[in-house]
Amino acid sequence: MSPSANSAVGPAPRFAVVGVPGNRRVAFFQDAVRAAGLPAARVVPWLDVLRGAAAFRPGETVRMDSPGEDAEVERLLRAVDDPTRVEGTALWYARFTGAVRAVARAADAAGAVLLDDPDEAAVLFDKRLCHAVLDGAGVPVPASPTSGAAAPVVRDWADVRERMAALGTPRVFVKLAHGSSASGVLAVETAGPGRIRATTSVERDASGRLFNSLRVRRCTTEPEVAAIVDALAPDGLHVERWLPKATRRGRATDLRVVVVAGRATHAVVRTSTSPMTNLHLGGERGSLDEVRAAVAAAGGSWADALAVCERAAACFPDTLCVGVDLLPSTDWRRFAVGEVNAFGDLLPRLTGLPGSGAEGLDTYAAQVAAVQNRARNHRATATA
């Protein structure tokens, strides 16, 4: 927790949520708060934070949610008039992390409890820094030549080709360092001189501007791939080895595992015919029972898979909830972490895993319950 986390002891948490009013994320969280018998959370708009007008109250428990899906917030963070544009993520990162720190200062000054640490948020929203933290903690991750603050900057497509050669691999993922929801991601495959294919949801118009699309497509010429990478590079790129994923029914398979207060509570299987399994890009939910059966049949351990996610989350001990992208190997016996997401809990109607302590609860209710448990433990300690 932030330094302000120990400053408030009350009968029950009173929530404030920094988010986009009317957004589905805020609505789901409000539902969870009401279901717990607590007063509705006070909504603090991201617009107020960005305009320097956000304020908190003594004893409030402050949750930060995604600033996405608001065109004006996006304009202030990225200086773009079209939210489907890909460019501007470096500016977004600088302004967003500045806003997160402003929330932390305001919460601390008011004597409020903050559920998200600003320093950890700065790492979570930079794939290069996050990869280095995970790797340093022994969490299995794909090999990357861009891991850590000291890694050489990727300036263009030529640099990507050079990093691929250094890794000794013909297949890599190229990602925006500060991207989310597969924005700006290219799954690149090479097979000798002049033979290349990149799978991506990025579309480039005649003037060279980049846009996110809901349609995954393939680029099959090096000049086309180079043009996209060169346009993305000024915002910062992360390159990592493309690990072959396990398949179910002929579809690439990975998992999003939500970890709340250090414990893996929810998991959803994502499958796709493309390298990107994101549900908004045509990925589909798979059967968790089938995945667990496949792991067991291969001699693997589902408990070990969840433990990998919990080890990844443990790298961010002062952040209540993260979503871990878990990559099962082709033999279903080993697991790696692709990414750790600060806002990875948007999994509507998904209830908790058996034995997780979150049975019957969705991801938002599990977080409310964790805060309530923490408050009860705090009170018990204070009165002992």
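How many salt bridges does the structure hold? This predicted model holds 34 salt bridges. Let us visit some of them.

**Stop 1: Lys175 and Glu240**

Select Lys175 and Glu240 and show their side chains. The two side chains meet in a salt bridge, with N to O at 2.8 Å. This pair links distant parts of the chain, as the partners are 65 residues apart. Now colour the strands they sit in. Lys175 belongs to strand β5, residues 171–176. Glu240 belongs to strand β9, residues 237–241.

Is Lys175 buried or exposed? Its relative accessibility is 8%, so Lys175 counts as buried. The cut-off for buried is under 20%. Glu240 has 4% relative accessibility, so Glu240 counts as buried too.

**Stop 2: Arg215 and Glu203**

Next, select Arg215 and Glu203. Their side chains meet in a salt bridge, at 3.1 Å from N to O. Here the partners are 12 residues apart, and the pair again links distant parts of the chain. Find Arg215 in strand β8, residues 210–219. Then find Glu203 in strand β7, residues 196–204.

Arg215 has 48% relative accessibility, so Arg215 counts as partly exposed. Glu203 is also partly exposed, because its relative accessible area is 27%. Partly exposed covers the range between the buried cut-off, under 20%, and the exposed one, over 50%.

**Stop 3: Glu224 and Arg217**

Move on to Glu224 and Arg217. They form a salt bridge, and the closest N and O atoms are 3.2 Å apart. Check each partner in turn. Glu224 is partly exposed, with a relative accessible area of 29%. Arg217 has 15% relative accessibility, so Arg217 counts as buried.

Now pick five residues at once: Lys245, Asp254, Arg256, Arg270 and Asp325. What joins them into one network? Salt bridges that share partners do.

**Stop 4: Ala109**

Where does Ala109 lie? Look in helix α4, which covers residues 89–110. Ala109 has 70% relative accessibility, so Ala109 counts as exposed.

Finish with a distance. Ala109 and Gln372 are 263 residues apart along the chain. Their C-alpha atoms are separated by 23 Å.

Definitions and conventions
Residues are numbered from 1 along each chain as its sequence is written. This is a predicted model: local features need pLDDT of at least 70, side-chain atom pairs count only at pLDDT 80 or more; totals for chains, interfaces and linings use all residues. Side-chain values use heavy atoms; hydrogens and water are left out. Helices (H or I, at least four residues) and strands (E, at least two) are DSSP runs, numbered from the N terminus. Buried means under 20% relative accessible area, exposed over 50%, partly exposed in between (1.4 Å probe, protein chains only). A salt bridge is a side-chain nitrogen of Lys or Arg within 4 Å of a carboxyl oxygen of Asp or Glu.
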